[in-house]
Amino acid sequence: MNAARKVACVVLLAVCVVSLAADWLAPAGFAKQFREVPGSPPSHQHLLGTDEIGRDRFARVLYGTRISLLLAPAAALVSTFLAALVGGLAGYLGGIWLRLATSFTDLFLSLPWLFLLITVRALLPLNVSPLLSVMITFFILGLLGWAASARVLSTSADSLRNSDFVLQARASGLDGPRLFFVHVLPNLKPVLYAQFWISIPVFILSEANLGILGLGVAEPLPSWGSLLRELEGLVSFREEPWRMVPLVLLIVVLTSFQLALSNEELTA
Amino acid sequence: MNGRVFSYAPSSVILSGAATSRSEVAAEPKAPYSNKNAGLAPIAGGFLKSLSVLFFCFALLVPAHAQGGGELRFCLRNEPKTFDPLLVDDDSSLSIRYLTGGVLIRANRKTQQLEPELAESWHLSRDGKQITFKIRHGILFSDGTPFSTGDVAYTMQRLMDPNLHSSTGDAFRSGSGAVTTLKLGPDLITVIFPAPVVGLDALFDQVPIMSAHSPKKEGAVLGPFMVAEYKAGSSVLLKRNPNYWKKDARGHRLPFLDAIRLDIQPNRDVEMLRFKRGELDLINVLDSDYFDKLASTSPQLVHDAGASLDAEFMWFNQVASAPIPPYKSAWFRSTNFRRAVSTAINRDDLSRIVYNRHAQPAVGPVSPANKFWFNSRLHSEAHNPDAALKRLEAEGFHLDNGTLKDKDGNPIEFSIVTNASSKPRERMAVLIQEDLGKIGIKVNVVTLDFPSLLERISQKFNYEAAILGFRNVDLDPNGQMNIWLSSAEDHAWNPQQKAPETAWEAEIDKLMRAQASASDPRKRKQSFDRVQEIVYQQAPFIYLVNQNALSAVSTSVEGANPVILHPQTFWNAERLTLNANTRASR
């Protein structure tokens, strides 16, 4: 493990730990409105000041980080599973299945996914709690974000299907699910891991995009998207530098994710 | 004929504003002249005195030329959809129409009174079906075509043509039958409507007269400016109408400006940056955030004209067939429930926190800024959670471990939808969420893209409560018929009712029709005052705030006097001037 990778892992771990300790570090909570001090600068009471309606920004950053960092991997898990199902199986089966899956994946990739997300989100029931809404949002991200990974996985599975050891296993009479689960899937693991890790920052950014459009996590729950939305209208970095903290944190986390991936995972 | 007669001496109206503006401009060269002279060495005195005299003479000679000059620049937020003044339906086209169109009667944006323009005077018949105009002599369109009663007849004929689908014309449609015109003499023309038209004279503020004979059609205008160039997606250049009929107190022909450049710029950040760099002279409508940022560095540039006519409000879905549980429909149809929610909302906080004090707690359908029509007996609902709870308890609701429940034990929980693109509305929803949380009501805030939101609230009725706003451009309540009649499409809480479903809606229908058929303004006001009282008592719309009219005007612009009515900053564009430095730099 090289130094950069170690540092990245430590940073990610530290961010995770701090966000999980939000209840102790920011007892004010993310929803409480200190209405007498909206938009205030940093102080002892509010380390990063308050947002436009008086909520403690430090608490919101911590809780927002927790939500994004917990749910983005969950969404990545969903999308990787779907990718493995569609791409892995199609690649393994080959022939017409591979062609069908490739066409379907290409079709899915060509869809304007942001508009698709907005449309799907608009169809959801309105009366759900903020926590449920955030879980739904990330679940939808996972459901819609499998196509690119599936493309990679189908190619890998296709090449595995024609590899010598699989041919030998077939020649030995091994076939069907057993061949897939015993010989193919374990060899797809590096690709699956890579797709999983690569998907996490993608979903963080996707939620941030939705948040910036005001369509992300429901109020009063914070997320990086809704926190970044605060930067709208900020014309100078010097004006209120503490408002840049969510952006800096997002950049640090995304960079750390990239650095934390091994070379093998990146090339997989 | 005993109708209202409005006849003004036009010069007195024009004089008051113009004299102030021109005297300030004329005073500028005098001060440096006297100061310089006093501080110079005697040996150079003779020469400089002669030079000063020359300057003085020059100053006396040039005002007629020096008064003009310069290009005013500001932004339109969207592409104008049309240059046909009778088809205007969007803000950008509305601004262009205001600057280019000559109208018979103009509503003074500052005094909110009607003033004569192309009509020297007018007479409204008692039954509200006829209006007779005496038009001015010797006026020419921008292309030199003479203005006559024939142009008024042509404009009315075109405006009322059903095939034109003019929303401006729709306001004049009062009954079946054709609108006719009758020329009573070279300067007199009567427009006859099949049925009474409410606020008929005020409606002519929106009707620019078009030339019946000019080959340029809408290109020939009677307003202070004319469209000279249009670059789609980029800008509209308006140039001074050389034939504009108005003059200032000194007899100088208006407008003072040579041109107005309207850049099409939807991005407000870019607009603000360009304004700060001095590339723009005005920002007609500012958000409170931008206003405060600008005020912190350049307080002399921002203008808060006070509460505007626009209102933000919340309402509950009362549509009987809406896909919501019956017990929730019962809450939303309960007057006590709606009034309790209204009482629990802290409007002062909405104004202070969301709009940085650039909004006023709203009272009802009419903003206090609407001087004539506002019912001054009404006051904004005071924030009082205890009173809200008492009202709810009277209706059978009760608190159970901090959760409000109805008499059947259902916890009170509903969602508020609003459009994702509006930060203020989203913030208001979050503040209301907390306010209602204090009386045990759980609120879920949902932001949706605007098309989805509109579909839910106006077609599917698949929502529980919503926050939106109305942009009122009309002072007259007749413009709100589409909201208050129970059969109307914009009767948002329960639209298109075949018959009024409640007694109070039936009464509002009756009162709105009564005010629409009366020609006496006092009787109309009585009716509409009662409508405001019913709306206050029944709270079908829970009015939240009236935003202030915020704008920014560069110090390079002289004569600006921002008001609450559109177009806030350039309503007196014909009298605006640019200072010498700006004129020289453009």
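Me: Which strand does β6(B) join through five bridges, running antiparallel?
Reply: That is strand β8 (residues 188-192) of chain B. This is a predicted model, by the way.

Me: What stands opposite B:Phe133 in β8(B)?
Reply: B:Ile189 does.

Me: How many residues sit between the strands in the hairpin of β5(B) and β6(B)?
Reply: Five. One of the residues in that hairpin, B:Gly128, takes a positive phi near 75°.

Me: Why is β6(B) largely enclosed by the rest of the structure?
Reply: Strand β6 covers residues 130-135 of chain B, and five of its six residues are buried, so the rest of the structure largely encloses it.

Me: Zooming out, what is in chain B?
Reply: Chain B holds 20 helices and 22 strands. It has 586 residues, and 45% of them count as buried. Taking contacts in chain B with a separation of 6 or more, 68% are between residues 24 or more positions apart.

Me: Now the largest nonpolar core. Which residues touch the most other members?
Reply: A:Phe203, B:Met314, B:Trp315, B:Ile416, B:Ala466, B:Ile542 and B:Leu544, out of 204 residues in that core. Helix α3 (residues 57-93) of chain A provides the largest share, 16 residues.

Me: Different topic, the two chains. How many residues of each are in contact?
Reply: 27 residues of chain B and 21 residues of chain A.

Me: Which element of chain B gives the most to the side that touches chain A?
Reply: α15(B), with six residues. Elements of chain B that supply at least two residues each include α9 (268-276), α10 (288-297), α13 (347-354), β17 (413-419) and β18 (442-448).

Me: How do the residues on that side of chain B divide into nonpolar, polar and charged?
Reply: Twelve are nonpolar, six polar and nine charged.

Key. Residues are numbered from 1 along each chain as its sequence is written. Chains are lettered from A and ligands numbered from 1 in the order in which they are written. This is a predicted model: local features need pLDDT of at least 70, side-chain atom pairs count only at pLDDT 80 or more; totals for chains, interfaces and linings use all residues. Helices (H or I, at least four residues) and strands (E, at least two) are DSSP runs, numbered from the N terminus. A residue is buried if 20 or more other C-beta atoms lie within 10 Å of its own, exposed if 12 or fewer, and partly exposed in between; C-beta atoms are placed from the backbone. Two residues are in contact if their C-beta atoms, placed from the backbone, lie within 7 Å. A nonpolar core is a set of buried Ala, Val, Leu, Ile, Met, Phe, Trp, Tyr and Cys residues joined through C-beta atoms within 7 Å. Two strands pair if DSSP finds at least two bridges between them. Ala, Val, Leu, Ile, Met, Phe, Trp, Tyr, Cys and Pro count as nonpolar, Asp, Glu, Lys and Arg as charged, and the others, Gly among them, as polar.
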